Amino acid sequence: MSRIIVITSGKGGVGKTTTSAALSMGLAQRGHRTVVIDFDVGLRNLDLIMGCERRVVYDFVNVINHEANLNQALIRDKRCDNLYVLPASQTRDKEALTKEGVGRVLDELSQSYDFIVCDSPAGIEHGATMAMYYADDAVVVTNPEVSSVRDSDRMLGILSSKSRRAETNAEPIREHLLLTRYDVPRVESGEMLSVKDVQDILSLDLLGIIPESKAVLTASNAGVPVILDRESDAGQAYADAVSRYLGEEVPHRFMTAEKKGFFNRLFRG
Amino acid sequence: MAVNFRSSAGEAPPAFELKAAGFTLPVIRLLNGDMEALAEQIGVKVEQAPDFFRHTPVVIDLGGFPEGGAVEFPLLVGLLRGYGMIPFGVRGGTKTQNAAAEAMELAILGDAYLRPGKAAPASEPAPETPRRGLPTFTLVTRPVRSGQEIYAAGGDLSVVASVSSGAEVAADGNIHIYGCLRGRALAGNRGNADARIFCQDLQAELVSVAGHYRISENIPADLRGVPVQVFLDQKVLRIEKI
């Protein structure tokens, strides 16, 4: 039984694609056959983050339009045999995603994959609704600031009313909160919302806290999902999130300043 | 000067005349109760000719509305006003629909233009009775998210979760919120002044009972974040700790 996971947020620039790349790589590394789909037609980015931009021949829209079959469009990841990427089309727009077409592709993929990760575009328009329509799970990526939290809340409302599960009165989509770009010093100084603030507002299961980290940008530029950088805090945080998604109990990290920071302040004071 | 004015007031020239006049007004003919579709389609129309609709009185025609269907007047009126129109009257509605319209202070206009087939009052009381006999009750167990609207027509609404900022819950009766109210809550939506709002944690953007409302800015700080009830006392909206 495959599961379809949508990575969504409403707001742009919060880390959806970074998260899609990291989670799909994490799931694949644990031995699950995983495919990650870029739904951001016209603003394709996932291929860059996954480092497969030079190998794109056919794309998602080609498959929907029967111009290519799935095997021609899927790109196997060079670092992990269990992971495939289905890139978005850069030359079309989001209207090319039809409900029937997307459904057919997801149906076909679910025959042979354990997890289908859908990287949603920003916004709540057609592309985003297509990405979430067939989802079983949703990872709502949120930054600790008010506008991101409100947009996530809006997206959660759409998830609970406009998805296939909602329309067929099936069991609702399982919703998870992933807090990204969490900057402990700024939270402690009151500039950013805390984990508790965000959870109070969104009342969601917390999948993970990804600390603000230079490693993310470095990894993106290099086309390496940040989860592969095991030295980095962000990479470890994503690995924790994958474990939690798979049902393991892992305590949350990166919620408070590291010891070093504490001593620093002590000595400075 | 003041004395002069007063002494002349008795024999003042007539201040008004009563006359009849006919006006040509835009009529919005509702074809179904899908407010979302209506909002979208009216939005498009208004965009094409914003000046035409600005401050324009409009009449709502229910001649084509499904018989016995409930019209969400509060939503409808709010929607039209939002686009700058002044909805002031209804025509062609059933008894129930007219009563709902009157609760929103809309005028009931004559049926002179009605299709003869529509004016069959004998068939109307039938669908009306069960609705009155069984006050509906709506229960919401999941958080009401930003952008969502929930309307409990004809009865009470209970929300066993939070109402997010940017969300709106409304009921013809009372509203009970067992989480945090951050959005808007409108009780007594059809003019029931006895309706109340109860909530565990008030951080609302707006609370309203029977059209008397208060926005966030006018809610005292000591009533925020505590369990409260909101009710009308002599037409004044009051918020009290419970």
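A:E175 sits in strand β7 of chain A, residues 174-182. Strands here are DSSP runs of E, at least two residues, numbered from the N terminus. This is a predicted model: local features need pLDDT of at least 70, side-chain atom pairs count only at pLDDT 80 or more, and totals for chains, interfaces and linings use all residues. Residues are numbered from 1 along each chain as its sequence is written, and side-chain values use heavy atoms, without hydrogens and water.

Q: Why does A:E175 count as buried?
A: Its relative accessibility is 15%. Buried means under 20% relative accessible area (1.4 Å probe, protein chains only). Therefore A:E175 counts as buried.

Q: What makes the pair A:E175 and B:R142 a polar contact?
A: Their side chains are joined at 3.3 Å. The rule asks for a pair of N or O atoms within 3.5 Å, one able to donate a hydrogen and the other to accept it.

Q: Which residues of chain B is A:E175 in contact with?
A: B:R142 and B:R145, leaving aside neighbours within four places in sequence. Contact means heavy atoms within 4.5 Å.

Q: What makes B:R145 and A:D153 a salt bridge?
A: Their side chains meet at 3.0 Å, N to O. The rule requires a side-chain nitrogen of Lys or Arg within 4 Å of a carboxyl oxygen of Asp or Glu. Across the interface of chain B and chain A, the rule finds three salt bridges.

Definitions and conventions
Chains are lettered from A and ligands numbered from 1 in the order in which they are written. Helices (H or I, at least four residues) and strands (E, at least two) are DSSP runs, numbered from the N terminus. Buried means under 20% relative accessible area, exposed over 50%, partly exposed in between (1.4 Å probe, protein chains only).
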